[in-house]
Amino acid sequence: MADVTGTRAVVMGGSIAGLFAARVLADAYDEVLVVDRDELVGTGPHARRSCPQTRHINGLLARGQQVMEELYPGITEEIFADGVPTGDLAGDVRWYFQGRRIKPQHAGLVCVAASRPMLEHHIRERTAALPRVTFVAGQDILGLATTADRRRVTGVRVQPVGGGAERTIDADLVVDATGRGSRTPLWLEELGYGRVREERKKIGLTYVTQHYRLTEDPYGTDLSINPAAWAGLPRGAIFTKTDGGRVELTTYGLLGDAPPTDQQGLYDWVATLPCPDIHDALQHAEPVDEPVAFRFPTTLRRHYEELERVPDGLVVTGDAVCCFNPIYAQGMTAAALGALTLRDHLHTGAHPQPGQYFRDLAAEVIDPPWEMTNTVDLSFPGVEGERTLQVRIGQAFLSLVQQAATIDGAVTAGYMRAAGLVDRPEALMRPAFVARVLWNVLVRARFVPPVPRAVPAADRRPAPEPVPVP
Ligand SMILES: Cc1cc2nc3c(=O)[nH]c(=O)nc-3n(C[C@H](O)[C@H](O)[C@H](O)COP(=O)(O)OP(=O)(O)OC[C@H]3O[C@@H](n4cnc5c(N)ncnc54)[C@H](O)[C@@H]3O)c2cc1C
């Protein structure tokens, strides 16, 4: 859209998706207001009560880093200058899949090992510095204002947190970035647009996170130790160096296998992971806070692209559209990519067409990671869902990729590029890559020793049987 003076966009929600949206809107609208119930600007990096995931690891995928840098040139270096460690996501991270370590391989995939509050702080401050962007803090968003015929959204109804006079902020475009609890589905139904279809998958996920200071550094040059959950053991962890000279440990269990929040219980639970690295590192680590839990019973996708009619002047982005299984770390990257889709729709010289925006968002941003992780989620026997032939082939192939990656760094790099959303998932199916995977698994594996497989020490307890999702 051309630079039109006198136009205003209002972004509901000033978290990651709202910030990225505001950034692209500022190139097209004369004024961009970001409305949130929280005080945001100038408050420094801090975990927010209205955004409880800010207390847990929020890893930024490689594609997310690339888009963030495109939208805010120089921001990556600014973050590193603020004490955030970095490395290569494929080369400096100890990844374990199916309990086996894959071969590290530098692949040009930049890891920004920022805590979520630190990452959000930098994106927010850069957004707030844009002359056309204004934050409107301390406001509860109550609903939408529309034209009398309800065909166009014309603003947002707000009220100060804690009570006070309700008012309407007029807007030429409203962007809903209020996250999972978004009330747009309800509002659209009330306005006569029907109910948006919601798709959920029960995963029964629990995160428990704690921060430490290392008294000795057993990592060497590595940045992070990440044993991923798999069908054989639906629990995993991410133990990463982060800002403030701290180490952040997020442990997680699927299908009701919740890590404990008492200190000794958590240590014992970590000892059941298939690699001893984290348990060993904890021998040299002092806790700086208490373990905190977060329950995530289901994924959630809202299929706005299927609605026959949507009002003009309203689009939705970020978790308000799709909440991925957090263990794949896709949410913030999807929010960044969603902002690029919005940007594409702002270049036409008119206000965005919401229907086309939702279809493009679904096809370009959400479908690829949603389908990829759906395939992985269904590899856990307790997760309900149809295991089509395509899903089973995908699962079998992914298992081969992970096996091949234990002996071939090029496979690691290809796998990490796809998992990091730098390449589309189809890249793993390119004939040359498939041939390389098969050659490694069927031939080379007989002669090349894998990266040493970590064996749980004798004194470590076996993992308990998973319990069904309630
Ligand atoms: C446990 C957990 C771990 C995760 N880990 C990762 C990860 O490793 N990597 C990754 O990329 N993603 C991760 N995610 C997802 C990631 O946190 C989100 O994708 C990201 O925060 C973008 O969300 P959002 O901006 O759409 O919504 P949110 O972050 O939920 O923000 C919504 C905003 O809207 C405001 N708001 C909501 N309702 C109102 C209202 N009525 N009035 C006023 N303000 C309102 C809130 O205050 C908040 O600021 C994780 C999520 C969870 C739950």
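1. A residue is called buried here if 20 or more other C-beta atoms lie within 10 Å of its own, exposed if 12 or fewer, and partly exposed in between. By that cut-off Leu255 is buried, because 21 other C-beta atoms lie within 10 Å. The model under discussion is a predicted one.

2. Leu255 also deserves attention for its backbone. Its phi is near 55 degrees, a positive value in a residue other than glycine. Leu255 sits in the loop between strand S15 (247-253) and helix H6 (263-270). As background, most residues other than glycine have a negative phi.

3. Gln98 likewise is not a glycine and has a positive phi, of about 50 degrees. It lies in the loop that joins strand S4 (93-97) to strand S5 (100-101). Gln98 counts as partly exposed because it has 18 C-beta neighbours inside 10 Å.

4. The domain assignment divides the chain into domain 1 (4-59 + 115-197 + 303-372), domain 2 (201-297) and domain 3 (389-446). Taken over C-alpha atoms, the centres of domain 2 and domain 3 are separated by 27 Å.

5. The largest nonpolar core has 131 residues, and Val11, Ala21 and Val174 touch the most other members. Helix H9 (residues 354-377) gives the most to this core, with 9 residues. Leaving aside residues up to four places away in sequence, Val174 touches Val10, Met12, Leu144, Val153, Val156, Gly313 and Leu314. In soluble globular proteins, nonpolar side chains tend to be buried together.

6. Leu173 belongs to strand S11 (residues 173-176). With 26 C-beta neighbours inside 10 Å, Leu173 counts as buried. Its contacts, not counting residues up to four places away in sequence, are Ala9, Gly313, His351 and Pro352. From Leu173 to Pro287 the distance is 46 Å in space, C-alpha to C-alpha, and 114 residues in sequence.

7. Which residues are the closest to the ligand? They are Gly13, Ser15, Gly179, Gly318 and Gly331, out of 35 residues that surround the ligand. At least two residues of this shell come from each of helix H1 (16-25), strand S8 (139-146), strand S17 (292-302) and helix H8 (331-346). H8 gives the most to the shell, with 4 residues.

8. Helix H4 (residues 116-128) has 13 residues and reaches 18 Å from its first C-alpha to its last, close to the 18 Å expected at 1.5 Å a residue. Its buried residues are Arg116, Met118, Leu119, Glu120, His121, His122, Ile123, Arg124 and Thr127. These pack against H1, helix H2 (62-71), helix H3 (75-81), strand S6 (110-112) and strand S7 (133-136).

9. Helix H12 (residues 431-442) has 12 residues, and its reach of 16 Å from first C-alpha to last is close to the 16 Å expected at 1.5 Å a residue. Val437, Asn440 and Val441 are the buried residues of H12. They cover an arc of only 95 degrees around the axis, which puts them on the same side of H12. On the other side of H12, Pro431, Ala432, Ala435 and Leu442 are exposed. The buried residues of H12 pack against helix H10 (389-405) and helix H11 (409-419).

Conventions. Residues numbered from 1 in each chain as written. Predicted model: local features only at pLDDT ≥ 70, side-chain atom pairs only at ≥ 80, totals over all residues. Expected span 1.5 Å × (residues − 1). Arc of directions from axis to C-beta. Contact = placed C-beta atoms within 7 Å. Domains from an automatic or database assignment. Core = buried A, V, L, I, M, F, W, Y, C linked by C-beta atoms within 7 Å. Near = placed C-beta within 6 Å.
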